[in-house]
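Subject: Structure for you, with notes

Hello,

Here is the structure I promised to pass on. Please open it next to this email; my notes follow below.

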Amino acid sequence: SGFKTVGKIYNVGLFEIEGQTINVTSVENAVDSIITRLSQTKSFLVFTLNLDHLVKLRNNEKFRDAYRSAEFVTADGFPVVTLAGLDGISIERTAGSDLIEPLCRSMAMNDISVYFFGTTLSTLCAVARRLTTQFIGLDVRGVFSPPIGFAVDSDIADEAIRVIAESGARICFVALSPPLQEIFAAAAMKRTADVAFVAVG
């Protein structure tokens, strides 16, 4: 079976490790898949699986629930890529940070808006300035830096999700430490209509 992304067919359930499925083969595949998927009016998740995540997944039910909800999962880290290779499956390392520039390039070309959530306000503003300079036409709808001690079940999280939803952004980069970023993204996905939440922290 497969799904179509910009004229190409890619396998669903490409590789599984400890119950977690990787279904993205490369940065290019990830960008094509995300941009194509935005034609549907339903929010979705993009996560990047690495060994640290695999360890945390063993003992964190909310983290596992978030991963079960992810539509696209990449191989973040050479150990995961190597394990896939031993299974005869060729995939490229694709970390969250690898996705930011190519996605922003495609968003600028396709008039797709973006939101930045997480890390510090100064970092978010610097990143937004650099990317809008690098990719002319990139539409940044806003930035939101949660306070220290941020929790998903909090008024601040509720406010952040509301602001992201009302911004009109179609892609939201979430830059927090795992598993917080994935759990927040999963909560936000359920309360928005047409946003891709991409974990990049």
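How many aromatic pairs does a search of the whole structure find? Eight. Keep in mind that this is a predicted model.

Aromatic rings

Take one pair to start with. The ring centres of Phe 150 and Phe 184 lie 5.7 Å apart, and the planes make an angle of 65°. Planes over 60 degrees apart count as edge-to-face, so that is what this pair is. Phe 184 belongs to helix α8, while Phe 150 is in the loop between β8 (139-144) and α7 (155-167). The pair therefore ties together parts that are 34 residues apart in sequence. Are these two residues buried or exposed? Both Phe 150 and Phe 184 are buried. They also belong to a cluster: ring pairs link Phe 150 and Phe 184 with Phe 117 and Phe 144.

Elsewhere, a charged residue meets a ring. Arg 93 lies over the face of Phe 78, 5.6 Å from the ring centre.

Nonpolar cores

The largest nonpolar core counts 40 residues. Phe 117, Phe 184 and Phe 197 have the most contacts inside it. Which helix gives the largest share of this core? Helix α8 (residues 180-190), with five residues. There is also a second, separate core, made of 28 residues. Among them are Ile 35, Ala 128, Leu 131 and Val 200.

Look at Phe 197 in particular. Neighbours within four places in sequence aside, Phe 197 is in contact with Ser 43, Phe 44, Leu 45 and Val 46, among others. The list also includes Ile 164, Cys 172 and Val 174. Ala 185, Ala 188, Met 189 and Thr 192 are on it too.

The sheet

Six strands form an open sheet with parallel pairing. What is the strand order? It runs β6-β5-β10-β9-β7-β8. β6 (72-75) and β8 are the edge strands, each pairing on one side only. On average, neighbouring strands are turned by 20° against each other, direction ignored.

Now zoom in on β5 (residues 44-49) and β10 (residues 196-199). These strands run parallel and are joined by three bridges. Val 46 has Val 198 as its bridge partner in β10. Helix α3 (residues 61-68) packs on the sheet and touches β5 and β6. The direction of α3 makes about 115° with that of β5.

Best wishes

Conventions:
Residues numbered from 1 in each chain as written. Predicted model: local features only at pLDDT ≥ 70, side-chain atom pairs only at ≥ 80, totals over all residues. Heavy atoms only, no water. Core = buried A, V, L, I, M, F, W, Y, C linked by side-chain atoms within 4.5 Å. Buried < 20%, exposed > 50% of the residue type's maximum accessible area, 1.4 Å probe, protein only. Helix = DSSP H or I, 4+ residues; strand = E, 2+ residues; numbered from the N terminus. Contact = heavy atoms within 4.5 Å. Phe/Tyr/Trp six-rings, centres within 6.5 Å; stacked < 30°, edge-to-face > 60°. Lys NZ or Arg CZ within 6 Å of the ring centre and 35° of its normal. Pairing = 2+ DSSP bridges. Axes fitted to C-alpha atoms, helices over the stretch in contact; angles between N-to-C directions.
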